Amino acid sequence: MSVLALEKLKRRFGDDILESHSKLGDDTVLVKAERLYEVAQFLKDDPELQFDMPIDNTAVDWWQVSEPRFEVIWHLYSTVKHMRIRVKVRVGEDNPTCASLTPLWPGMNWHERETWDMYGVRFSGHPNLKRVLMYEEFVGYPLRKDYPITKRQPLIEERIVREVPTQRNPPPDMLNQP
Amino acid sequence: MKDEDIIHNEVLVTRRSDAESWLRQTIERMSQPGINWSRKFSLFNYPFVTACCGMEFMSVNGPRYDMAQYGAEFPRFSPRQADLIWIVGTITQKQAPILRRVWEQMAEPKWAIAFGVCASTGGFYDNYCTVQGADRIIPIDVYIPGCPPRPEQILDGLRLLMDKIQTEHGRVMV
């Protein structure tokens, strides 16, 4: 539907659009991280596009698969023209920072906080960038691929849990225990 | 003070404590079944509902399955007035301090039921954010499996807890 948006973006920004496709109707653009804010501003303000509704913000961790490591993804919707578009940006591991789109769409606030919480991608220009789901004492970013899959960080000391002896599960002979 | 006085005092103290404990045990032995019977039919609930099992808890509390037939229908939303805490749903690491605090605020005698597989063992959430069973936070009396459990299972679990309360000893005077 919004092949129009892809064409307008390519005409307006040229080489700053690194990739684009509209496979199965999913219009997708990969833009340079430095020009992200201008691209988003254009998508919001252009009278033929008017992407006025923020749908989602998330990230993909391509650890040991491709470089740069993180792909930050925004989904937008135009309630006027009934079009959807996906905007992607690639950021590296050593400095995972890209522009925040919260100044354009206030609804992106908590989405970007969640992406920061789970992947550790910093959004410059975000008004309140702190964890939204995990607690402040949590160390690391749990959805990164290098986070250990069962590593837990309890806030309080846990009780020691033992197997409950039953008829089917008899208690171990204490004398034979080492 | 002479030595004899000290010895005399000790003997007196010992005898008095002996008498007290004998009296206490006798009262408990005679009154325990009746007190347990009245406790098990007047459980005041504290529903600690954190997840989707709450819908099933509501249906058990409703008129069709009718938890009121066991005298356990009355939810108290203050832990200080509750006897029984229902842990209904997943306990996350962020939720764990709250659960322990609620449990510590409840007055003795108190019981706990882990409702559903998440509260019992963590369920399929074997990941960074989920406590692997509410028994790692507070002691649990009855575990009800299921995702979510059927209302019949819940009533069965409640009956198990009532049987447990009936056979309890030494909780008359805390």
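This is a predicted model: local features need pLDDT of at least 70, side-chain atom pairs count only at pLDDT 80 or more; totals for chains, interfaces and linings use all residues.
Colleague: Why is the pair D126(B) and R152(A) called a salt bridge?

Modeller: The closest N and O atoms of D126(B) and R152(A) are 3.3 Å apart. The cut-off for a side-chain nitrogen of Lys or Arg and a carboxyl oxygen of Asp or Glu is 4 Å, so the pair qualifies. The rule finds two salt bridges across the interface of chain A and chain B.

Colleague: What makes up the side of chain A that touches chain B?

Modeller: Its residues divide into 14 nonpolar, two polar and five charged. Arg counts as charged and Ile as nonpolar. Seven residue pairs are in polar contact across the interface, both residues of each pair being at pLDDT 80 or more.

Colleague: How do you know how far the two chains cover each other, and which residues of chain A supply the area?

Modeller: Chain A and chain B bury about 1,600 Å² between them, with 57% of it on carbon and sulfur atoms. Of the area that chain A buries against chain B, 39% comes from R152(A), I156(A) and R159(A), more than from any other three residues. By contact, 21 residues of chain A meet 17 residues of chain B.

Colleague: What makes a residue of chain A count as buried, and what share does?

Modeller: The relative accessible area must be under 20%. Of the 178 residues of chain A, 38% count as buried.

Colleague: Which elements does chain A have, and in what order do they run?

Modeller: Chain A has three helices and seven strands. From the N terminus on, they run α-β-β-α-β-β-β-β-α-β.

Definitions and conventions
Residues are numbered from 1 along each chain as its sequence is written. Chains are lettered from A and ligands numbered from 1 in the order in which they are written. Side-chain values use heavy atoms; hydrogens and water are left out. Contact means heavy atoms within 4.5 Å. Buried area is the accessible area (1.4 Å probe) that two parts lose on being put together, summed over both. A polar contact is a pair of N or O atoms within 3.5 Å; within protein, one must be able to donate a hydrogen and the other to accept it, and residues adjacent in sequence count only if both atoms are side-chain atoms. Helices (H or I, at least four residues) and strands (E, at least two) are DSSP runs, numbered from the N terminus. Buried means under 20% relative accessible area, exposed over 50%, partly exposed in between (1.4 Å probe, protein chains only).
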